[in-house]
Amino acid sequence: MSSELKNAYIEVSNLKKDYQVRRHFLARPATLAAVAGVSFTIEQGGTFGLVGESGSGKSTIAKLIMGAERPTSGQVVIDGHRFGAQASASEDAWRYRALQPVLQDPYGALNPRMKIGNIIAEPLRIQRWKQWSRHAGNPATEGSAPALANSDAYARRVAELLELVGLRADYAGRLPNELSGGQRQRVAIARALALEPRILVLDEPVSALDVSIQAQVLNLLKDVQAELNLTYLLISHDLAVVAYMSTQIGVLYLGQFMEIGSKEQVVNRPVHPYTQALIAVSDPDSGLDDDVVTGEIPSPLNPPSGCPFHPRCPRADSRCAESKPLLRQLGPAHWAACHYAEAIAQTDESTDIVSAIAA
């Protein structure tokens, strides 16, 4: 798949993450495959959307890319920097500055006792202190250590960041409990931008907000991306959000891609029954039946045989239960893991709902 994207800025190759889990104290550890060999690429300035139900592995992939977790195998390449199961301190430091998260809960993400200006400036202070410490401990550079930025410089930078996310400079003197949920998420975005990252990892960035506020925050993220040429990895269970924001979409189920490709292909011409079910839930006017999928996602400790989706799939037959379909290419920017993807593509009409699903 990576060869299809010549200008890949982020390349994820056969990424796997296993956890050893005990069902109870005396039991032998069992292997939980949270991520089961996913590969995808993201162009610089593009947005890749990971969509799927809770437990599908979306957040684990984000942690692996950010370095919060180490992969069992596979690698992540970011702007030519390779990250595998082992990473040096300098590599981790580079990744910390290059990637920043925007988390789901704007209420829990901000220290309630810190003023907004201090919250936004905290990453700057931490990085300045690290730079000073490295220089101060090196006799060759003694006396030439960079001075810590003064309070005026911090205040100017905080004001710039607040303006960037659509808040007035005087918000720097407020506490988080004086702000609405949407305003808090804007502050979280400003903090993420403080170190001038190249990539933002957006983990359910609007799911905790009122519907009336969600579109405002999503539009802000789009504007900031265009102005700063940022690359986004977007995680959501809501296909409407992913369709609105993303240039490419990967549909995850039990740590595996069921379907992946351009937004137009995955949303307008879905060929996997799981993708069709997600679309039906997000857009009742899509013409797809939202009652065809029943039950809950199986435990990754006891995954089904064959296709992982077959126990819930309305099209499943004995072949699906016995043989696992491989993720295969169906078009220039479209892959799917379904035995009957080609037949579905020929018989199902285009849904043509990119605009409708994002409305």
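Of the 359 residues in this chain, 45% count as buried, a term that denotes under 20% relative accessible area, with exposed meaning over 50% and partly exposed lying in between (1.4 Å probe, protein chains only). The model is predicted, so that local features need pLDDT of at least 70 and side-chain atom pairs count only at pLDDT 80 or more, while totals for chains, interfaces and linings use all residues. Residues are numbered from 1 along each chain as its sequence is written, and side-chain values use heavy atoms, with hydrogens and water left out.

The chain has 12 helices and 12 strands; these are DSSP runs numbered from the N terminus, helices being H or I of at least four residues and strands E of at least two. Among contacts between residues at least 6 apart in sequence, 66% join residues at least 24 apart, where contact means heavy atoms within 4.5 Å.

Strand β9 (residues 248–253) runs antiparallel to β10 and is joined to it by 6 bridges; two strands pair if DSSP finds at least two bridges between them. Within this pairing, Q248 has S262 of β10 as its bridge partner. The hairpin of β9 and β10 has 2 residues between the strands, and L254 there takes a positive phi near 50 degrees. Strand β10 is also joined to β12 by 3 bridges, again in an antiparallel arrangement.

In β12, H334 stands opposite G261. H334 belongs to strand β12 (residues 334–336) and is buried, because its relative accessible area is 4%. The side chains of H334 and E259 are joined by a polar contact of 2.6 Å. A polar contact is a pair of N or O atoms within 3.5 Å; within protein, one must be able to donate a hydrogen and the other to accept it, and residues adjacent in sequence count only if both atoms are side-chain atoms. Leaving aside neighbours within four places in sequence, H334 is in contact with several residues, including I260, Q265, R269 and R328.

Helix α8 (residues 263–268) contains K263. K263 counts as buried because its relative accessible area is 14%. The C-alpha atoms of K263 and V242, which are 21 residues apart along the chain, are separated by 8.7 Å.

Elsewhere, helix α1 (residues 58–66) has K58, T60, I61, A62, L64 and I65 buried. Just after α1, G67 takes a positive phi of about 95 degrees.

Most residues other than glycine have a negative phi. D79, however, has a positive phi near 50 degrees. D79 lies in the loop between β4 (73–78) and β5 (81–83) and counts as partly exposed because its relative accessibility is 37%. E196, likewise not a glycine, has a positive phi of about 55 degrees. E196 is found in the loop between α5 (181–193) and β7 (199–203), and its 60% relative accessibility is why E196 counts as exposed.
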